[in-house]
Amino acid sequence: MQSFGKILKSLRNESGLSQFELARSLGVAQTTIANYETDKRFPNHLLLIHMAETFDTSLDFLLGRTPEKKSRLRIYEGMTRGELDPVYQEVADKYLGYLLENQKYRALALVSRELDKGLDPRIFYDRVFMNTLRRVGELWERNEINVAREHYITNVTQTAIAGLYTYLEERVACDRVAVTMAVNGDPHTMGAKMMSDLMEFEGWNTFYLGGDVPTDHLIDILVELKARVLVLTITLPQYMDTLKNTIYAVKKEARLKKLKIIVGGKALDVKGFSWQELGADGYGSSFEEAIRLIEEIR
Ligand code: B12
């Protein structure tokens, strides 16, 4: 069995932390870490638990009782939404922090680690990814970051969102078909992507089209898929007429009489804006609201 000191040293080296950096994150002196790694001293249980969390491993591995490094502990299971709110906020803060320091892998590893510990992938969309994109927008507006940094963080977030798929249970594609896309011309497609994933978690068979789909092609695929719901998102107000015309064309199609159209997005979240004038069947200012709406109308 390997000694505790050797195991700690190999974990630290693998994570790329210096003795000083590890000492700082554990709140002890660098010499203390040196003594642990040479088995001259042994940490108390609280420090051991902190080390297990730092390296995302288990106490059994730290003590040499199992060769399996990865922690299987689902520490968040059974905690209430209220108890978990600060956890999601801490994850969101760390996630953005890593990306502002070009630490893409640490940001992505953080997401999978926290999901393995039992956080809810559906809540990640709102509390971590949208929270991050909103804050990126504010930093961008205040010129604290440039467009290139915004693009970097947005694209890593798209990778992180793609990773959430692995947390979706395998199941038979049902006939509850939904198509989601951003209004033509508007490059802001994240809302439509997130909505598509969240509906998938609710058991819908979703088709996320991104954006810029000619309306006649959109109508063809809606008919072909016998879609029940079309979700259209709009972020930039200058595409409002395009949205209205798309809804009008789809609603005019006799073969789509049963289809419901739900709209959402920043450009609609304006006080007093009447989305009904667009001819849509429903509007949601958040994903949760939209999914509730869709469940009611189905
Ligand atoms: C990522 C991003 C981009 C990316 C988009 C990548 C992609 N594939 O989506 C790129 C780089 C392409 C981009 C481009 C531009 N962008 Co941009 N972008 C952003 C950013 C940082 C995040 C947007 C996002 O995806 N948020 C995640 C969504 C889901 O969250 P949300 O918009 O807050 O949505 C909320 C609600 O509306 C609702 N919701 C959203 N979608 C949906 C959908 C449904 C169905 C429902 C029910 C609810 C819902 O839920 C959310 C939570 O409540 C925002 C900053 C911000 N603060 O939002 C700027 C922002 C939207 N962009 C902006 C601008 C101006 C542009 C550009 C015009 C800049 C430029 N001069 O080039 C260009 C567009 C050029 C063009 N071709 O037209 C401005 C828009 C200002 C305005 N008029 O409102 C913002 C606000 C930045 C800023 N602070 O000024 N952008």
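**Note on the ligand site and pockets of a predicted model**

1. A polar side-chain atom of H188 is placed 2.8 Å from a nitrogen atom of the ligand, a polar contact being a pair of N or O atoms within 3.5 Å, where within protein one must be able to donate a hydrogen and the other to accept it, and residues adjacent in sequence count only if both atoms are side-chain atoms. The model is predicted, so that local features need pLDDT of at least 70 and side-chain atom pairs count only at pLDDT 80 or more, while totals for chains, interfaces and linings use all residues. Residues are numbered from 1 along each chain as its sequence is written, and side-chain values use heavy atoms, with hydrogens and water left out.

2. A polar backbone atom of K266 is 3.1 Å from an oxygen atom of the ligand. For S285, a backbone N or O atom lies 3.2 Å from an oxygen atom of the ligand.

3. The shell around the ligand holds 31 residues, and E141, H151, H188, T189 and D269 come nearest; a residue is near a molecule if one of its heavy atoms lies within 4 Å of it. By class, the shell comprises 12 nonpolar, 14 polar and 5 charged residues. Here Ala, Val, Leu, Ile, Met, Phe, Trp, Tyr, Cys and Pro count as nonpolar, Asp, Glu, Lys and Arg as charged, and the others, Gly among them, as polar.

4. At least two shell residues each come from α8 (121-141), α9 (147-163), α10 (190-201), β3 (229-233) and α13 (287-297). The largest share, 6 residues, is supplied by α8. Helices (H or I, at least four residues) and strands (E, at least two) are DSSP runs, numbered from the N terminus.

5. The ligand takes the space of the largest pocket, in the sense that more than half of its atoms lie within 2 Å of the grid points. A pocket is defined on a 1 Å grid over the protein atoms alone, as an open set of points where a 1.4 Å probe fits, with protein on both sides within 12 Å along at least five of seven lines; lining residues have an atom within 4 Å of a point. The volume of this pocket is about 1,400 Å³.

6. The lining of the largest pocket has 48 residues, with M130, L133, M190, G191 and T235 nearest its centre. Two or more lining residues are given by each of α8, α9, α10, β3, β4 (260-264) and α13. Helix α8 again has the largest share, here 12 residues. The lining divides into 20 nonpolar, 15 polar and 13 charged residues.

7. The second largest pocket contains about 860 Å³ of space. Its lining has 29 residues, and E53, T54, Y98, R106 and R113 lie nearest the centre. Contributors of at least two residues each are α1 (4-15), α2 (19-26), α4 (45-54), α6 (81-100) and α7 (104-116). This lining comprises 10 nonpolar, 6 polar and 13 charged residues.

8. The structure holds 15 salt bridges, each a side-chain nitrogen of Lys or Arg within 4 Å of a carboxyl oxygen of Asp or Glu. One of them pairs D93 with R135, with the closest N and O atoms 3.0 Å apart. This pair links distant parts of the chain, as D93 is in helix α6 and R135 in helix α8, 42 residues apart.

9. Two backbone angles deserve a remark. Most residues other than glycine have a negative phi. N102, in the loop between α6 and α7, has a positive phi near 60°. N143, in the loop between α8 and α9, has a positive phi of about 55°.

How values were computed. Grid points are joined across faces, edges and corners, and a volume is the space filled by probe spheres set on the points.
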